Amino acid sequence: MQPLPDVRGSARPYWAAALKGELQLPFCDACGGAVFYPRDFCPSCAGRSVTWRRCSGRGKVYSYSVVHTHPNPAFKQRVPYVVALVTLEEGARLLTEIVDCPPEAVRVGMAVVVDFRRVSEEVALPVFKPAAARP
Amino acid sequence: MKRGATSIVGAAESAIGIVPDRSALELMGDAALGALDDAGLSVKDVDGLFAQTPYLWHPSISLGEHLGIAPRFTGSTNMGGASFVGFIQHAALAIEAGLCEVALIAYGSNQRSDGGRLMTGSEHLSFEAPYGTIYPATSYALMAQRHMAQYGTTSEQLAEVAVAARRWAQLNPKAMERGPLSVEDVLASRMISSPLHKLDCCLVTDGGGAVVLTSAARARDLRKPAVPVLGAATAHQHRQILQMPDLTVTAAVRSGERAFAMAGLKPADIDVVQIYDAFTINVILSLEDLGFCGKGEGGLFVAGQRIAPGAALPVNTSGGGLSYCHPGMLGIFLLIEAVRQLRREAGERQVQGVETALVHGIGGVHSAHCTAILGRQ
(Lines give C-alpha, C1' and ligand atoms only; values in the text may rest on other atoms or scores of the structure.)
Protein backbone atom coordinates (compact mmCIF):
# COMPACT_ATOMS: atom_id res chain seq x y z
CA MET A 1 0.00 0.00 0.00
CA GLN A 2 1.20 3.51 -0.85
CA PRO A 3 2.15 5.28 2.42
CA LEU A 4 0.41 8.62 2.74
CA PRO A 5 1.49 11.77 4.55
CA ASP A 6 -0.29 13.15 7.58
CA VAL A 7 -2.06 16.13 6.04
CA ARG A 8 -3.10 17.74 9.34
CA GLY A 9 -1.61 20.63 11.28
CA SER A 10 0.89 23.13 9.92
CA ALA A 11 1.36 21.05 6.78
CA ARG A 12 -2.29 21.33 5.71
CA PRO A 13 -1.73 24.26 3.28
CA TYR A 14 1.21 22.40 1.70
CA TRP A 15 -0.90 19.39 0.79
CA ALA A 16 -3.93 21.50 -0.15
CA ALA A 17 -1.78 23.50 -2.60
CA ALA A 18 -0.24 20.31 -4.02
CA LEU A 19 -3.74 19.01 -4.80
CA LYS A 20 -4.23 22.14 -6.92
CA GLY A 21 -0.89 21.61 -8.66
CA GLU A 22 1.00 24.29 -6.74
CA LEU A 23 4.09 24.11 -4.57
CA GLN A 24 3.63 26.42 -1.58
CA LEU A 25 5.78 26.87 1.51
CA PRO A 26 5.72 29.00 4.64
CA PHE A 27 8.36 31.76 4.76
CA CYS A 28 9.56 33.25 8.03
CA ASP A 29 8.34 36.81 8.56
CA ALA A 30 11.52 37.65 10.47
CA CYS A 31 14.40 36.18 8.42
CA GLY A 32 12.58 35.50 5.14
CA GLY A 33 13.80 31.90 4.96
CA ALA A 34 11.67 29.09 3.57
CA VAL A 35 10.53 26.72 6.32
CA PHE A 36 10.48 23.06 5.35
CA TYR A 37 8.98 20.75 6.50
CA PRO A 38 6.17 23.27 7.15
CA ARG A 39 5.92 24.69 10.66
CA ASP A 40 4.17 27.84 11.87
CA PHE A 41 7.42 29.12 13.37
CA CYS A 42 11.02 29.28 12.11
CA PRO A 43 13.51 26.73 13.44
CA SER A 44 16.34 28.69 11.81
CA CYS A 45 15.97 32.11 13.52
CA ALA A 46 13.29 31.32 16.15
CA GLY A 47 10.81 33.68 14.44
CA ARG A 48 7.23 33.03 15.54
CA SER A 49 5.22 33.85 12.42
CA VAL A 50 5.24 32.74 8.80
CA THR A 51 3.52 33.65 5.54
CA TRP A 52 2.66 31.07 2.90
CA ARG A 53 3.82 31.79 -0.67
CA ARG A 54 3.89 29.93 -3.94
CA CYS A 55 7.36 28.69 -4.96
CA SER A 56 8.77 28.82 -8.48
CA GLY A 57 8.88 25.02 -8.61
CA ARG A 58 12.46 25.14 -9.92
CA GLY A 59 15.37 23.51 -8.15
CA LYS A 60 18.49 21.40 -8.46
CA VAL A 61 19.23 17.81 -7.54
CA TYR A 62 21.34 17.90 -4.34
CA SER A 63 21.71 14.12 -4.18
CA TYR A 64 19.89 11.04 -5.42
CA SER A 65 19.67 7.30 -5.06
CA VAL A 66 18.24 4.69 -7.41
CA VAL A 67 16.13 2.31 -5.33
CA HIS A 68 16.41 -1.28 -6.57
CA THR A 69 14.38 -3.20 -4.00
CA HIS A 70 11.69 -2.42 -1.42
CA PRO A 71 9.83 -4.44 1.21
CA ASN A 72 6.54 -2.68 0.32
CA PRO A 73 4.92 -4.26 -2.81
CA ALA A 74 3.59 -0.83 -3.85
CA PHE A 75 7.17 0.29 -4.39
CA LYS A 76 8.70 -3.05 -5.34
CA GLN A 77 6.60 -3.19 -8.52
CA ARG A 78 8.04 0.19 -9.60
CA VAL A 79 11.79 -0.44 -9.10
CA PRO A 80 14.14 0.96 -10.19
CA TYR A 81 13.04 4.51 -9.34
CA VAL A 82 14.97 7.60 -8.35
CA VAL A 83 14.62 9.14 -4.89
CA ALA A 84 16.28 12.53 -4.65
CA LEU A 85 16.88 15.54 -2.46
CA VAL A 86 16.05 18.66 -4.45
CA THR A 87 17.09 22.13 -3.29
CA LEU A 88 14.51 24.68 -4.41
CA GLU A 89 15.44 28.14 -5.70
CA GLU A 90 13.87 29.43 -2.47
CA GLY A 91 16.40 27.44 -0.40
CA ALA A 92 14.29 24.62 1.04
CA ARG A 93 15.36 21.03 0.39
CA LEU A 94 12.67 18.42 -0.33
CA LEU A 95 12.91 14.67 -0.47
CA THR A 96 11.17 13.65 -3.68
CA GLU A 97 11.19 11.44 -6.75
CA ILE A 98 12.71 12.27 -10.14
CA VAL A 99 10.32 11.29 -12.93
CA ASP A 100 10.38 11.42 -16.74
CA CYS A 101 14.11 10.70 -16.72
CA PRO A 102 16.04 7.43 -17.08
CA PRO A 103 17.70 6.64 -13.71
CA GLU A 104 21.15 6.53 -15.32
CA ALA A 105 20.70 10.10 -16.65
CA VAL A 106 20.11 11.71 -13.24
CA ARG A 107 23.02 13.84 -12.02
CA VAL A 108 23.82 15.85 -8.91
CA GLY A 109 23.30 19.51 -9.84
CA MET A 110 20.72 18.72 -12.55
CA ALA A 111 18.03 21.41 -13.00
CA VAL A 112 14.52 20.12 -12.28
CA VAL A 113 10.96 21.46 -12.11
CA VAL A 114 8.06 20.34 -9.99
CA ASP A 115 5.25 18.11 -11.17
CA PHE A 116 2.56 16.33 -9.17
CA ARG A 117 1.44 12.73 -8.84
CA ARG A 118 -2.00 12.06 -7.43
CA VAL A 119 -1.80 9.11 -5.02
CA SER A 120 -5.16 9.41 -3.18
CA GLU A 121 -8.28 11.55 -2.87
CA GLU A 122 -6.47 13.88 -0.48
CA VAL A 123 -2.87 13.70 -1.66
CA ALA A 124 -0.83 14.71 -4.67
CA LEU A 125 2.89 14.24 -4.15
CA PRO A 126 5.30 16.87 -5.47
CA VAL A 127 7.76 15.09 -7.77
CA PHE A 128 10.37 16.62 -10.09
CA LYS A 129 11.33 16.17 -13.73
CA PRO A 130 14.25 17.47 -15.76
CA ALA A 131 13.82 21.21 -16.45
CA ALA A 132 14.40 20.64 -20.16
CA ALA A 133 11.42 18.28 -20.28
CA ARG A 134 8.99 21.06 -19.38
CA PRO A 135 6.68 21.89 -22.30
CA MET B 1 31.95 15.21 33.91
CA LYS B 2 35.60 14.71 34.84
CA ARG B 3 38.28 12.88 32.87
CA GLY B 4 38.94 9.44 34.35
CA ALA B 5 36.46 9.75 37.24
CA THR B 6 34.62 6.61 36.10
CA SER B 7 35.72 3.35 34.47
CA ILE B 8 34.24 0.50 32.51
CA VAL B 9 34.81 -2.62 34.61
CA GLY B 10 32.82 -5.30 32.81
CA ALA B 11 31.81 -6.08 29.22
CA ALA B 12 30.11 -9.02 27.51
CA GLU B 13 27.92 -10.15 24.62
CA SER B 14 25.08 -12.64 24.86
CA ALA B 15 24.98 -15.40 22.28
CA ILE B 16 25.10 -13.51 18.96
CA GLY B 17 24.39 -14.31 15.33
CA ILE B 18 21.28 -16.45 14.91
CA VAL B 19 19.64 -17.10 18.28
CA PRO B 20 16.01 -17.99 17.54
CA ASP B 21 15.13 -19.35 20.98
CA ARG B 22 15.91 -16.23 23.07
CA SER B 23 13.75 -13.11 23.29
CA ALA B 24 15.26 -9.63 22.97
CA LEU B 25 14.88 -9.16 26.73
CA GLU B 26 16.53 -12.50 27.46
CA LEU B 27 19.48 -11.64 25.21
CA MET B 28 19.79 -8.29 27.01
CA GLY B 29 19.66 -10.06 30.38
CA ASP B 30 22.21 -12.69 29.32
CA ALA B 31 24.64 -9.97 28.26
CA ALA B 32 24.05 -8.02 31.47
CA LEU B 33 24.81 -11.05 33.64
CA GLY B 34 27.88 -11.75 31.53
CA ALA B 35 29.18 -8.22 31.95
CA LEU B 36 28.61 -8.36 35.73
CA ASP B 37 30.43 -11.72 35.92
CA ASP B 38 33.26 -10.18 33.92
CA ALA B 39 33.50 -7.39 36.52
CA GLY B 40 33.14 -9.73 39.50
CA LEU B 41 29.89 -8.03 40.52
CA SER B 42 26.31 -9.25 40.96
CA VAL B 43 22.91 -7.78 40.10
CA LYS B 44 22.67 -6.82 43.77
CA ASP B 45 25.53 -4.33 43.25
CA VAL B 46 23.74 -2.51 40.41
CA ASP B 47 22.00 0.74 41.35
CA GLY B 48 22.07 2.52 37.98
CA LEU B 49 20.33 1.02 34.94
CA PHE B 50 20.48 2.14 31.31
CA ALA B 51 18.91 0.22 28.44
CA GLN B 52 17.51 0.75 24.97
CA THR B 53 15.98 -1.54 22.36
CA PRO B 54 13.21 -1.11 19.80
CA TYR B 55 11.59 -4.25 21.25
CA LEU B 56 10.50 -2.72 24.55
CA TRP B 57 8.45 0.35 25.39
CA HIS B 58 10.28 0.77 28.71
CA PRO B 59 13.71 -0.81 28.20
CA SER B 60 15.44 -0.04 31.51
CA ILE B 61 12.27 -0.77 33.50
CA SER B 62 11.79 -4.14 31.80
CA LEU B 63 15.43 -5.04 32.33
CA GLY B 64 15.14 -4.09 36.01
CA GLU B 65 12.11 -6.34 36.38
CA HIS B 66 13.76 -9.19 34.44
CA LEU B 67 16.97 -9.21 36.50
CA GLY B 68 15.53 -8.14 39.86
CA ILE B 69 17.19 -4.72 39.96
CA ALA B 70 15.45 -1.73 41.60
CA PRO B 71 17.85 1.07 40.59
CA ARG B 72 18.36 4.48 42.18
CA PHE B 73 18.97 5.99 38.74
CA THR B 74 17.54 4.90 35.38
CA GLY B 75 17.56 5.91 31.73
CA SER B 76 16.23 4.70 28.38
CA THR B 77 16.98 7.76 26.25
CA ASN B 78 16.55 6.76 22.63
CA MET B 79 19.50 8.01 20.61
CA GLY B 80 19.11 5.10 18.20
CA GLY B 81 22.22 3.01 17.77
CA ALA B 82 24.27 5.73 19.46
CA SER B 83 22.37 5.29 22.73
CA PHE B 84 24.90 3.06 24.45
CA VAL B 85 27.86 5.34 23.87
CA GLY B 86 25.58 8.17 25.02
CA PHE B 87 24.73 6.22 28.18
CA ILE B 88 28.43 6.27 29.10
CA GLN B 89 28.07 10.03 29.54
CA HIS B 90 24.75 9.73 31.41
CA ALA B 91 26.05 6.99 33.71
CA ALA B 92 29.33 8.78 34.39
CA LEU B 93 27.45 11.94 35.38
CA ALA B 94 25.10 10.02 37.67
CA ILE B 95 28.01 8.21 39.34
CA GLU B 96 30.00 11.42 39.80
CA ALA B 97 26.95 13.13 41.28
CA GLY B 98 26.58 10.29 43.79
CA LEU B 99 23.18 9.26 42.40
CA CYS B 100 24.38 5.71 41.79
CA GLU B 101 27.63 3.76 42.06
CA VAL B 102 27.44 0.75 39.71
CA ALA B 103 25.73 1.39 36.37
CA LEU B 104 24.68 -1.34 33.95
CA ILE B 105 24.24 -0.41 30.26
CA ALA B 106 22.55 -3.06 28.10
CA TYR B 107 21.02 -3.91 24.72
CA GLY B 108 19.24 -6.94 23.25
CA SER B 109 17.45 -7.74 20.00
CA ASN B 110 16.42 -10.72 17.92
CA GLN B 111 16.04 -8.78 14.70
CA ARG B 112 17.45 -11.64 12.63
CA SER B 113 15.09 -14.33 13.93
CA ASP B 114 12.23 -11.86 13.65
CA GLY B 115 12.67 -11.70 9.89
CA GLY B 116 14.96 -8.69 9.70
CA ARG B 117 12.48 -5.97 10.38
CA LEU B 118 13.85 -2.85 11.99
CA MET B 119 11.25 -1.95 14.58
CA THR B 120 10.61 1.78 14.56
CA GLY B 121 7.27 1.84 16.36
CA SER B 122 4.46 3.94 14.97
CA GLU B 123 6.57 6.86 13.75
CA HIS B 124 5.64 7.97 10.26
CA LEU B 125 7.99 10.22 8.29
CA SER B 126 5.35 12.18 6.41
CA PHE B 127 7.68 13.92 3.95
CA GLU B 128 9.80 10.85 3.21
CA ALA B 129 7.83 7.59 3.47
CA PRO B 130 5.41 8.37 0.57
CA TYR B 131 8.40 8.43 -1.80
CA GLY B 132 9.55 4.85 -1.24
CA THR B 133 12.87 5.33 0.47
CA ILE B 134 14.31 2.23 2.11
CA TYR B 135 14.74 3.28 5.72
CA PRO B 136 17.53 3.80 6.67
CA ALA B 137 19.57 2.60 3.65
CA THR B 138 18.41 5.25 1.17
CA SER B 139 19.34 8.06 3.59
CA TYR B 140 22.91 6.77 3.77
CA ALA B 141 22.92 6.23 0.00
CA LEU B 142 22.04 9.90 -0.50
CA MET B 143 25.00 10.88 1.72
CA ALA B 144 27.32 8.58 -0.22
CA GLN B 145 26.16 9.93 -3.59
CA ARG B 146 26.67 13.52 -2.46
CA HIS B 147 30.15 12.70 -1.11
CA MET B 148 31.03 11.12 -4.44
CA ALA B 149 29.79 14.13 -6.41
CA GLN B 150 31.49 16.65 -4.14
CA TYR B 151 34.79 14.90 -3.43
CA GLY B 152 35.23 12.20 -6.06
CA THR B 153 34.83 9.34 -3.59
CA THR B 154 34.37 6.05 -5.45
CA SER B 155 32.41 2.82 -5.00
CA GLU B 156 35.77 1.04 -4.79
CA GLN B 157 36.73 3.18 -1.79
CA LEU B 158 33.40 2.40 -0.09
CA ALA B 159 34.07 -1.29 -0.74
CA GLU B 160 37.51 -1.01 0.88
CA VAL B 161 35.70 -0.35 4.18
CA ALA B 162 33.73 -3.60 3.88
CA VAL B 163 36.84 -5.58 2.93
CA ALA B 164 38.84 -4.19 5.89
CA ALA B 165 35.97 -5.10 8.24
CA ARG B 166 35.97 -8.64 6.83
CA ARG B 167 39.71 -8.98 7.35
CA TRP B 168 39.27 -8.03 11.02
CA ALA B 169 36.33 -10.44 11.32
CA GLN B 170 38.52 -13.25 10.02
CA LEU B 171 40.55 -12.78 13.22
CA ASN B 172 37.45 -12.80 15.46
CA PRO B 173 36.01 -16.27 16.21
CA LYS B 174 32.68 -14.69 17.25
CA ALA B 175 32.21 -12.85 13.95
CA MET B 176 29.30 -13.97 11.80
CA GLU B 177 30.88 -13.48 8.36
CA ARG B 178 34.48 -14.68 8.05
CA GLY B 179 34.76 -15.84 4.43
CA PRO B 180 37.06 -14.23 1.88
CA LEU B 181 35.88 -10.90 0.47
CA SER B 182 37.32 -8.64 -2.23
CA VAL B 183 36.48 -5.15 -3.48
CA GLU B 184 35.17 -6.85 -6.64
CA ASP B 185 32.83 -9.03 -4.55
CA VAL B 186 31.34 -5.93 -2.91
CA LEU B 187 30.86 -4.21 -6.27
CA ALA B 188 29.29 -7.36 -7.74
CA SER B 189 26.77 -7.71 -4.93
CA ARG B 190 23.16 -6.67 -5.53
CA MET B 191 22.47 -2.93 -5.69
CA ILE B 192 20.10 -1.94 -2.87
CA SER B 193 19.85 1.84 -3.04
CA SER B 194 22.59 3.25 -5.27
CA PRO B 195 25.46 3.71 -4.74
CA LEU B 196 25.14 1.21 -1.85
CA HIS B 197 25.39 -2.49 -2.70
CA LYS B 198 24.23 -5.27 -0.41
CA LEU B 199 27.78 -5.69 0.93
CA ASP B 200 28.00 -1.95 1.72
CA CYS B 201 25.23 -2.63 4.26
CA CYS B 202 25.57 -4.13 7.73
CA LEU B 203 24.47 -7.62 8.71
CA VAL B 204 21.15 -8.45 10.30
CA THR B 205 21.73 -10.64 13.36
CA ASP B 206 20.42 -11.41 16.84
CA GLY B 207 22.34 -10.49 19.95
CA GLY B 208 22.72 -8.58 23.17
CA GLY B 209 25.56 -6.69 24.79
CA ALA B 210 26.29 -4.95 28.09
CA VAL B 211 28.95 -2.97 29.92
CA VAL B 212 29.30 -2.03 33.59
CA LEU B 213 30.54 1.38 34.70
CA THR B 214 31.58 2.46 38.20
CA SER B 215 33.66 5.06 40.02
CA ALA B 216 37.43 4.99 39.63
CA ALA B 217 37.71 4.22 43.36
CA ARG B 218 35.38 1.19 43.24
CA ALA B 219 36.98 0.03 39.98
CA ARG B 220 40.34 -0.48 41.66
CA ASP B 221 39.05 -3.40 43.76
CA LEU B 222 37.43 -5.33 40.90
CA ARG B 223 38.49 -8.37 38.95
CA LYS B 224 39.75 -6.95 35.66
CA PRO B 225 41.88 -3.93 34.74
CA ALA B 226 39.63 -0.86 34.73
CA VAL B 227 39.08 1.05 31.50
CA PRO B 228 38.81 4.74 32.42
CA VAL B 229 36.43 7.05 30.55
CA LEU B 230 38.62 9.95 29.44
CA GLY B 231 36.03 11.86 27.47
CA ALA B 232 32.43 11.59 26.28
CA ALA B 233 30.12 13.85 24.34
CA THR B 234 26.82 13.79 22.47
CA ALA B 235 25.47 15.86 19.58
CA HIS B 236 22.49 15.71 17.27
CA GLN B 237 21.08 17.93 14.58
CA HIS B 238 18.41 16.43 12.27
CA ARG B 239 16.09 13.44 12.66
CA GLN B 240 15.37 12.71 8.99
CA ILE B 241 17.65 12.98 6.00
CA LEU B 242 15.72 15.81 4.34
CA GLN B 243 16.65 18.04 7.30
CA MET B 244 20.40 17.30 7.28
CA PRO B 245 21.97 20.67 6.43
CA ASP B 246 25.03 19.34 4.58
CA LEU B 247 25.02 15.64 3.64
CA THR B 248 28.81 15.49 3.82
CA VAL B 249 29.18 16.84 7.37
CA THR B 250 27.79 15.08 10.45
CA ALA B 251 27.36 16.10 14.09
CA ALA B 252 30.41 13.90 14.81
CA VAL B 253 32.35 17.15 14.30
CA ARG B 254 30.84 18.46 17.53
CA SER B 255 30.71 15.27 19.60
CA GLY B 256 34.28 14.43 18.59
CA GLU B 257 35.65 17.89 19.34
CA ARG B 258 34.10 17.92 22.81
CA ALA B 259 35.16 14.36 23.65
CA PHE B 260 38.75 15.06 22.57
CA ALA B 261 38.80 18.31 24.57
CA MET B 262 37.63 16.52 27.71
CA ALA B 263 40.21 13.76 27.22
CA GLY B 264 42.99 16.24 26.48
CA LEU B 265 43.85 14.19 23.39
CA LYS B 266 43.86 14.60 19.63
CA PRO B 267 43.16 12.10 16.82
CA ALA B 268 46.87 11.26 16.43
CA ASP B 269 46.86 10.03 20.08
CA ILE B 270 44.21 7.35 19.40
CA ASP B 271 45.45 3.77 18.96
CA VAL B 272 42.24 1.99 17.96
CA VAL B 273 38.94 3.31 16.59
CA GLN B 274 35.45 1.75 16.71
CA ILE B 275 32.93 3.52 14.43
CA TYR B 276 29.31 2.51 13.94
CA ASP B 277 29.51 1.01 10.42
CA ALA B 278 25.87 0.45 9.54
CA PHE B 279 26.95 1.33 5.98
CA THR B 280 30.41 1.73 4.47
CA ILE B 281 29.95 5.49 3.99
CA ASN B 282 29.62 5.94 7.79
CA VAL B 283 33.27 5.08 8.35
CA ILE B 284 34.49 7.52 5.68
CA LEU B 285 32.32 10.40 6.97
CA SER B 286 33.18 9.73 10.61
CA LEU B 287 36.94 9.49 10.05
CA GLU B 288 36.75 12.93 8.42
CA ASP B 289 34.45 14.50 11.00
CA LEU B 290 36.37 13.11 13.98
CA GLY B 291 39.56 14.62 12.55
CA PHE B 292 41.48 11.50 11.47
CA CYS B 293 41.71 13.03 7.98
CA GLY B 294 40.55 16.17 6.22
CA LYS B 295 37.03 16.73 4.85
CA GLY B 296 36.67 14.95 1.55
CA GLU B 297 39.79 12.81 2.11
CA GLY B 298 38.03 9.85 3.72
CA GLY B 299 37.85 7.80 0.53
CA LEU B 300 41.58 8.08 -0.03
CA PHE B 301 42.22 7.47 3.68
CA VAL B 302 40.56 4.03 3.62
CA ALA B 303 41.95 3.03 0.20
CA GLY B 304 44.73 0.44 0.02
CA GLN B 305 43.34 -1.29 3.15
CA ARG B 306 44.75 1.38 5.46
CA ILE B 307 42.23 0.61 8.23
CA ALA B 308 42.71 -3.20 8.04
CA PRO B 309 44.76 -5.48 10.36
CA GLY B 310 48.39 -4.40 10.48
CA ALA B 311 47.70 -1.07 8.76
CA ALA B 312 48.12 2.56 9.85
CA LEU B 313 44.89 3.02 11.83
CA PRO B 314 43.03 -0.03 13.19
CA VAL B 315 39.29 0.62 12.70
CA ASN B 316 36.46 -1.72 13.76
CA THR B 317 38.72 -4.49 15.00
CA SER B 318 35.82 -6.87 15.78
CA GLY B 319 34.71 -6.84 12.15
CA GLY B 320 32.03 -4.27 13.00
CA GLY B 321 28.43 -4.24 11.88
CA LEU B 322 29.55 -5.17 8.39
CA SER B 323 31.02 -8.58 9.33
CA TYR B 324 30.85 -9.28 13.11
CA CYS B 325 27.25 -8.68 14.18
CA HIS B 326 24.49 -6.11 13.87
CA PRO B 327 21.31 -6.87 15.79
CA GLY B 328 19.54 -3.61 14.89
CA MET B 329 21.83 -1.39 16.95
CA LEU B 330 25.60 -1.73 17.22
CA GLY B 331 26.69 0.87 19.78
CA ILE B 332 27.13 -1.46 22.76
CA PHE B 333 29.32 -3.84 20.76
CA LEU B 334 31.70 -1.01 19.83
CA LEU B 335 32.23 -0.38 23.54
CA ILE B 336 32.76 -4.09 24.26
CA GLU B 337 35.42 -4.36 21.56
CA ALA B 338 37.21 -1.22 22.75
CA VAL B 339 37.31 -2.62 26.30
CA ARG B 340 38.77 -5.91 25.04
CA GLN B 341 41.44 -4.13 23.02
CA LEU B 342 42.39 -1.92 26.00
CA ARG B 343 42.55 -4.93 28.34
CA ARG B 344 44.64 -6.81 25.74
CA GLU B 345 41.99 -9.56 25.60
CA ALA B 346 41.39 -9.45 21.84
CA GLY B 347 43.31 -12.60 20.91
CA GLU B 348 44.45 -12.86 17.30
CA ARG B 349 43.08 -9.42 16.44
CA GLN B 350 44.79 -7.66 19.37
CA VAL B 351 46.40 -4.40 18.31
CA GLN B 352 49.82 -4.13 19.95
CA GLY B 353 50.44 -1.40 22.51
CA VAL B 354 46.87 -0.06 22.70
CA GLU B 355 46.65 2.74 25.28
CA THR B 356 43.65 4.67 23.93
CA ALA B 357 40.45 3.86 22.04
CA LEU B 358 37.82 6.05 20.45
CA VAL B 359 34.27 4.73 20.22
CA HIS B 360 31.81 6.52 17.98
CA GLY B 361 28.10 5.68 18.05
CA ILE B 362 25.70 6.85 15.36
CA GLY B 363 21.92 6.88 15.67
CA GLY B 364 19.12 7.33 13.14
CA VAL B 365 20.36 8.55 9.76
CA HIS B 366 23.58 10.19 10.97
CA SER B 367 21.20 11.99 13.33
CA ALA B 368 22.66 11.35 16.80
CA HIS B 369 26.39 11.15 17.45
CA CYS B 370 27.99 9.98 20.69
CA THR B 371 31.75 9.81 21.07
CA ALA B 372 33.64 8.24 23.99
CA ILE B 373 37.39 8.11 24.50
CA LEU B 374 38.65 5.31 26.70
CA GLY B 375 42.10 4.62 28.14
CA ARG B 376 44.11 2.35 30.45
CA GLN B 377 45.07 2.83 34.05
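The structure is a predicted model, in which local features need pLDDT of at least 70, side-chain atom pairs count only at pLDDT 80 or more, and totals for chains, interfaces and linings use all residues. Residues are numbered from 1 along each chain as its sequence is written, while chains are lettered from A and ligands numbered from 1 in the order in which they are written.

**Two domains in chain B**

Let us start with the domains, whose bounds come from an automatic or database domain assignment. In chain B, domain 1 covers 6–115 + 206–229, and domain 2 covers 133–203 + 232–374. Their C-alpha centres are 23 Å apart. Contact here means that the C-beta atoms of two residues, placed from the backbone, lie within 7 Å. By that rule, 33 residues of domain 1 of chain B touch 34 residues of domain 2 of chain B.

Which helix gives the most to the side of domain 1 of chain B that touches domain 2 of chain B? That is α3(B), with seven residues. Helices (H or I, at least four residues) and strands (E, at least two) are DSSP runs, numbered from the N terminus.

**Two helix pairs**

Two packed helices are described by the angle between their axes and the distance between the axes. Axes are lines fitted to C-alpha atoms, for helices over the stretch in contact, and angles run from 0 to 180 degrees between N-to-C directions.

| Helix pair | Angle | Axis distance |
|---|---|---|
| α5 (155–169) and α9 (280–289) of chain B | about 100 degrees | 8 Å |
| α3(B) and α12 (331–342) of chain B | about 65 degrees | 6 Å |

The angle makes α5(B) roughly perpendicular to α9(B), and α3(B) and α12(B) are therefore roughly perpendicular to each other too. Angles under 35 degrees count as roughly parallel, over 145 as roughly antiparallel, 65 to 115 as roughly perpendicular and the rest as oblique.

In the α3(B) and α12(B) pair, Ser83(B), Phe84(B) and Val85(B) meet Gly331(B), Ile332(B), Leu334(B) and Leu335(B). These residues comprise five nonpolar, two polar and no charged. Ala, Val, Leu, Ile, Met, Phe, Trp, Tyr, Cys and Pro count as nonpolar, Asp, Glu, Lys and Arg as charged, and the others, Gly among them, as polar.

**Facing chain A**

Finally, 23 residues of chain B are in contact with 28 residues of chain A. On this side of chain B, α4(B) gives the most, with six residues. By class, the side has 13 nonpolar, eight polar and two charged residues.
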